[in-house]
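Keep the sequence at hand as you read.

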Amino acid sequence: MAPFRSSKGKDSIVSKLLRISSASKLGLGLGAGAAEDETFQAVGGITQVYTHPNGNDYKSHKFTANGTFTVTSGTSDVDVLLVGGGGGGGGSHGGGGGAGGFKVLADLSVLTQVYPVTVGAGGNRGTQNNEAGSKGGDSVVFSQTAEGGGGGGSYAGQVAGDGGSGGGGAGSAPPSQNGGDGNAPEGNNGGNGSYDGSAGHGGGGGGAGGAGANVDPSGAGNGAGAGGNGGPGSTNDYETGSNQTYAGGGGGGAWGSTTRGTGGPGGGGNGNNTGAPGTDVAGTDGLGGGGGGGGDGNTHGAGDGGNGVIIIRYRV
């Protein structure tokens with residue numbers, strides 16, 4: 001009879017190999033490519049899954065307020081849209097608020113960890129005749145920033161602010177009639193206002209897709225002329241696969257006439273006026289639109305800027 005041979009040593013080796021293989025698949029760090037075998041999972045914000053017209057399936061996370069984007073397993077490359085908060089409109093003869101900065105990023109690598117998300121708040125409107133709008137807040141994630149929009153200028157020397165897009169200049173004497181500077185390529189400059197002593201009109205706030213409109217000085221007197229229109233926004237499809245327009249500039253206000261500037265596509269608020277005041281002057285939240293400029297700061301007021309947004313998407 002052949003001598004009995006124990007299989008204990010062989011079984012021990014096989015068992016060890018199986019344990020190593022299982023540990024690798026669970027991402028326990030045994031082997032160089034362990035994490036690549038994990039399914040990428042993340043939570044945070046408002047989520048939805050959609051099929052893009054290019055045929056790829058994506059999951060998006062939309063943040064309209066501060067929060068966290070938490071990767072619970074795996075690693076992935078993500079695409080990101082950041083829009084800063086829109087600037088507030090100037091109080092009287094007011095320039096439109098500049099749109100929040102618009103930034104699009106592709107293929108950022110993320111790991112299994114918690115990422116803070118900061119969504120820029122819209123800037124406050126000027127509430128007095130001599131009060132400019134305030135700047136919108138910055139939107140920040142993954143160490144990337146979209147700057148808030150500049151506030152619109154106001155009568156009596158209150159200058160327009162610089163920002164992601166610049167605020168519109170006031171319908172006032174220089175230098176407050178000059179539009180603020182945008183932070184290219186996130187945005188564009190605000191338009192210039194105009195004033196001749198009998199009528200004043202604010203320039204349009206800059207938008208992501210173009211500058212705010214200047215006021216034509218030749219048409220400003222005797223109740224004629226108009227506030228400058230807000231600059232147009234820019235489109236992005238990261239949330240749903242269909243294009244949405246973001247970051248439109250606020251329209252300029254009109255003092256001494258009824259023709260106010262219109263807000264730019266992408267959430268820009270319309271300007272106000274002293275003849276037929278409107279109520280649609282605030283920038284749109286979640287789009288980062290600039291607030292409309294005021295006709296005067298008391299009864300025909302300006303609009304607040306719209307809050308910004310951050311959208312993160314990835315393939316599923």
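Which backbone oxygen lies 2.9 Å from a polar atom of the side chain of T112? The backbone oxygen of G74 does. That is a polar contact (a pair of N or O atoms within 3.5 Å; within protein, one must be able to donate a hydrogen and the other to accept it, and residues adjacent in sequence count only if both atoms are side-chain atoms).

A word on the basis of these values. The model is predicted: local features need pLDDT of at least 70, side-chain atom pairs count only at pLDDT 80 or more, and totals for chains, interfaces and linings use all residues. Residues are numbered from 1 along each chain as its sequence is written, and side-chain values use heavy atoms, with hydrogens and water left out.

Back to T112. Its place is in the loop between β6 (102-110) and β7 (114-117). Strands here are DSSP runs of E, at least two residues, and helices are runs of H or I, at least four residues, numbered from the N terminus. T112 touches V71, T72, S73 and G74, leaving out residues up to four places away in sequence. Contact means heavy atoms within 4.5 Å. S76 is 36 residues from T112 in sequence, yet the C-alpha atoms are 9.3 Å apart. T112 is partly exposed, at a relative accessible area of 44%. The cut-offs are under 20% for buried, over 50% for exposed and in between for partly exposed (1.4 Å probe, protein chains only).

Strand β4 (residues 67-73) pairs with β7 in the antiparallel sense over four bridges. Pairing requires at least two DSSP bridges between two strands. T70 stands opposite V114 in β7. The open sheet has three strands, in the order β1-β4-β7, with antiparallel pairing. β1 (41-43) and β7 are the edges; each has a single partner strand, so one side of each lacks a neighbour in the sheet.

Now turn to S165. This residue sits in the loop between β9 (144-146) and β10 (194-195). Is S165 buried or exposed? S165 counts as buried, at 0% relative accessibility. Beyond its neighbours within four places in sequence, S165 contacts several residues, among them G98, A99, D181, N188 and A208.

Finally, the whole chain. There are one helix and 15 strands. Of the 316 residues, 51% count as buried. Among contacts with a separation of 6 or more, 56% join residues 24 or more positions apart.
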